[in-house]
Amino acid sequence: METIAPFLEVIDEINDAGGDIFKLCFQCGLCDTVCPWNQVRTFSMRKLIREAAFGLSEVEGEDIWRCTTCGTCPAQCPRGVKQIDIVVALRRVATEYELFPPSVKPVRTARASLISEGNPLQGDRGKRADWAKDLAIKPYAEGMDALYFVGCYFSYDPRMKRVATATANILKKAGVKFGILGDKESCCGESIRKTGSEEVFKNLARQNIKTFIDNGVKKIIVSSPHCYHTFKNEYPEFMVYFEVVHINQYLLELMDEGRLPLKGEYAKKVTYHDPCYLGRHNGIYDEPREVLKKIPGLEFVEMEAHGKNSLCCGGGGGRIWMDTPQEERFSDIRLKQANEVGAQVLATSCPYCITNFEESRLNLEFEEVIEVKDITEIISDMLA
């Protein structure tokens with residue numbers, strides 16, 4: 001098998017990148033049985049870990065890029081092997097040598113855009129707040145209740161802008177004193193870190209941290225689970241700590257306080273998809289369900305795989321920027337699972353999930369069968 005260097009050098013690279021935990025693996029194969037990839041094709045995380053132990057990983061190939069960092073296999077591993085850390089370590093090696101297979105090459109475009117404009121979508125930094133230009137949203141100022149950190153997809157993607165607008169409407173209706181950073185906001189950096197570009201992540205993190213501190217930010221409300229995870233669990237590596245709240249958690253708090261009166265009924269059958277970075281990575285399962293169950297007229301149903309067993313949409317680990325053949329898209333399976341329980345609406349709380357589900361909705365010709373909604377969109381439409 002070809003390698004990019006003698007195996008000792010590869011092992012050193014992996015160890016330096018934090019991948020030495022592979023030594024705990026005793027090749028039970030449980031990771032393979034729970035990996036979502038094996039629902040659409042043959043893929044062996046067990047084999048990847050074994051090859052890493054000997055420095056024989058094919059860093060030029062596709063396999064090290066398949067992992068969506070969904071967290072399913074680490075949660076099931078009896079030995080505590082950190083499969084995600086190993087995969088990211090291998091990707092750092094590949095990234096250092098610019099070894100990207102064709103399906104992964106779009107990551108380079110995302111990386112370049114992150115470096116130049118602070119977002120992966122090639123959006124003009126100066127237009128980051130354009131979604132809010134007609135909403136009379138103030139710039140964040142010290143002393144406000146919270147910063148609404150919008151995130152890249154919610155700032156630039158036409159579909160996702162509707163979620164940002166819904167979130168802002170909710171916060172305003174509830175009387176929350178909040179502001180946004182506009183063009184001073186940069187990507188949280190979570191996904192580019194998972195593709196192996198550690199320095200790009202660190203630079204983005206430092207930019208955001210400096211902006212937060214300079215503006216006196218203490219509490220941050222986020223719409224993306226990836227922002228939530230990074231601010232809460234990864235930015236403390238820089239010795240800073242902010243109060244981080246996902247909008248689902250804040251919605252429940254506002255509803256319990258009676259600050260979000262709803263009108264009419266939402267007479268639809270709704271199921272909820274747990275985003276990996278909200279559920280498995282951070283244990284937020286109950287709040288979104290409690291919010292949905294408080295909506296008058298809504299009939300809530302669970303899909304086959306939910307909670308800690310939720311099926312990944314396929315967008316994590318930077319795969320939202322990579323090319324995935326239609327027959328290998330987890331999101332198609334997820335929409336079929338929602339349809340099987342008779343759901344009229346598939347609700348979720350993640351820009352990657354919504355993006356993938358909307359694409360699968362078109363591919364499966366489910367446009368008239370099921371809607372894809374962020375929870376905030378449902379709530380915003382019912383504000384009294």
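The exercises below concern a predicted model.

**Exercise 1.** Find the strand order of the open sheet of 4 strands, and state which strands lie at its edges.

*Solution.* Start with the order, which is β6-β5-β7-β8, with parallel pairing. Next, look for strands that pair on one side only: these are β6 (299-301) and β8 (371-374), the edge strands. From one strand to the next, the twist averages 35°.

**Exercise 2.** Describe how strand β5 is joined to strand β7, and find the bridge partner of T271.

*Solution.* Take residues 269-272 for β5 and residues 345-348 for β7; the two strands run parallel and are joined by 3 bridges. Then locate T271: its bridge partner in β7 is L346.

**Exercise 3.** Is E377 buried or exposed, and what does E377 contact?

*Solution.* First place the residue: E377 lies in helix α16, which covers residues 375-381. The relative accessible area of E377 is 6%. Buried means under 20%, so E377 counts as buried. Finally, list its contacts, leaving aside neighbours within four places in sequence: R159, R162, V163, A166 and V372.

**Exercise 4.** Identify the residues that touch the most other members of the largest nonpolar core, then trace the contacts of I379.

*Solution.* The largest nonpolar core has 119 residues. Within this core, W131, F212, F231, L292 and I379 touch the most other members. For I379, set aside residues up to four places away in sequence; the residues touched are then I170, L251, M255, L260, L262, V291 and I295. As general background, nonpolar side chains tend to be buried together in soluble globular proteins.

How values were computed:
Residues numbered from 1 in each chain as written. Predicted model: local features only at pLDDT ≥ 70, side-chain atom pairs only at ≥ 80, totals over all residues. Heavy atoms only, no water. Pairing = 2+ DSSP bridges. Axes fitted to C-alpha atoms, helices over the stretch in contact; angles between N-to-C directions. Core = buried A, V, L, I, M, F, W, Y, C linked by side-chain atoms within 4.5 Å. Buried < 20%, exposed > 50% of the residue type's maximum accessible area, 1.4 Å probe, protein only. Contact = heavy atoms within 4.5 Å.
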